[in-house]
There are 2 protein chains.
Amino acid sequence: MKNKKSICDLEQCQEIGQTCAVFNLRKASRAITQLYEEMLRPSGILPTQFTLLVAVRGMGPIAISKLADQLVMDRTTLTRNLKPLERDGLLRVIPGMQDQRSREVKVTQKGINQLGIALPLWRDAQRKIRKALGDSRLDRMLDDLSAVVEAAYIH
Amino acid sequence: MKNKKSICDLEQCQEIGQTCAVFNLRKASRAITQLYEEMLRPSGILPTQFTLLVAVRGMGPIAISKLADQLVMDRTTLTRNLKPLERDGLLRVIPGMQDQRSREVKVTQKGINQLGIALPLWRDAQRKIRKALGDSRLDRMLDDLSAVVEAAYIH
DNA sequence: TCATACTAAGTGTATATGCACTTATTCATG
DNA sequence: CATGAATAAGTGCATATACACTTAGTATGA
């Protein structure tokens, strides 16, 4: 006989592609990112940057570590993602008052203006994906995604 | 009155965070990637590399552009993602026969061995996420993700 | 108080992602 | 067949992601 059942044969690999959670989530993530990038392009802001701006705006001035936790993002990733937005003046990172180690992130007026420009484009994108999936299916998927985060995130 | 309804107020931004498709998909993608990275660590291979190996194995020798299409990935991204796997001898990129421009990707024996090592760890990760979500919910989500790809991908 | 543990953040390195541009080959059409 | 259009792939640049390590403050306890 050959190997002990020829580990990793073709059909097996094809089935893995259809059932693998990380592969399919990342694939969908790439696809949806491309859609939103296309739709947001006229505003000159990337989808990741738009969502980061929105998050900071929604959570008020917030320390980097806390923000990273909320975003399920490595703190050092967040630090670097803040850079282009800070460079473009859309948000500012200021020293924390109580704790001299911490630094707090804050959306600037320019950032708010930028959000105002991007928001209708974001709404168009949302409408597009919502129309394609249907209201209930999209809401359901958002729930499922939350469950994935709960299940997967290592606290 | 202030602005024409104070575009981008706090509550609005909080609601965006809960309903934004790209934000929540990317967040879940980060979370699940971290889980699989953790679980696959003993094999010394990253989740993205594992899924790429599986894809190439499942599709047989395949040209870069075709593979990129299948993975809903920019061709140039794929080109660079192949590099570490090629460097480590897990796959090879060889000139296409019919078309001298094309190059075909192929898993090596070493790559197949590596897949054999990673596969049980991947199964553990799959079991974990499947148990957390439940069979039907996970299958449903995979369907929904396919629908997102269909809806979002610009062909 | 002072030494030690803990915590917040930054940096080095590596991979992942994609756009704009370029190069090389193939195809189609006059 | 020759030339221009189309296609396959690579490179430069920028952003996104995270681990390992470092630095600088804070808190704890003998």
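Me: What distance separates a phosphate oxygen of DNA strand D from an N or O atom in the side chain of B:Thr79?

Reply: This is a predicted model: local features need pLDDT of at least 70, side-chain atom pairs count only at pLDDT 80 or more, and totals for chains, interfaces and linings use all residues, while side-chain values use heavy atoms, without hydrogens and water. Residues are numbered from 1 along each chain as its sequence is written, with chains lettered from A and ligands numbered from 1 in the order in which they are written. A polar contact is a pair of N or O atoms within 3.5 Å; for B:Thr79 and the phosphate oxygen the distance is 3.1 Å.

Me: Which element gives the most residues to the surface near DNA strand D?

Reply: Helices are DSSP runs (H or I, at least four residues) numbered from the N terminus. The most, six residues, come from helix 5 of chain A.

Me: How many charged residues does the surface near DNA strand D have?

Reply: Asp, Glu, Lys and Arg count as charged. Beside five nonpolar and twelve polar residues, the charged ones number 13.

Me: Which residue of chain B does A:Phe50 touch?

Reply: Contact means heavy atoms within 4.5 Å, and residues up to four places away in sequence are not counted. A:Phe50 touches chain A residues including A:Leu40 and A:Trp122, and from chain B, B:Ile16.

Methods:
A polar contact is a pair of N or O atoms within 3.5 Å; within protein, one must be able to donate a hydrogen and the other to accept it, and residues adjacent in sequence count only if both atoms are side-chain atoms. Helices (H or I, at least four residues) and strands (E, at least two) are DSSP runs, numbered from the N terminus.
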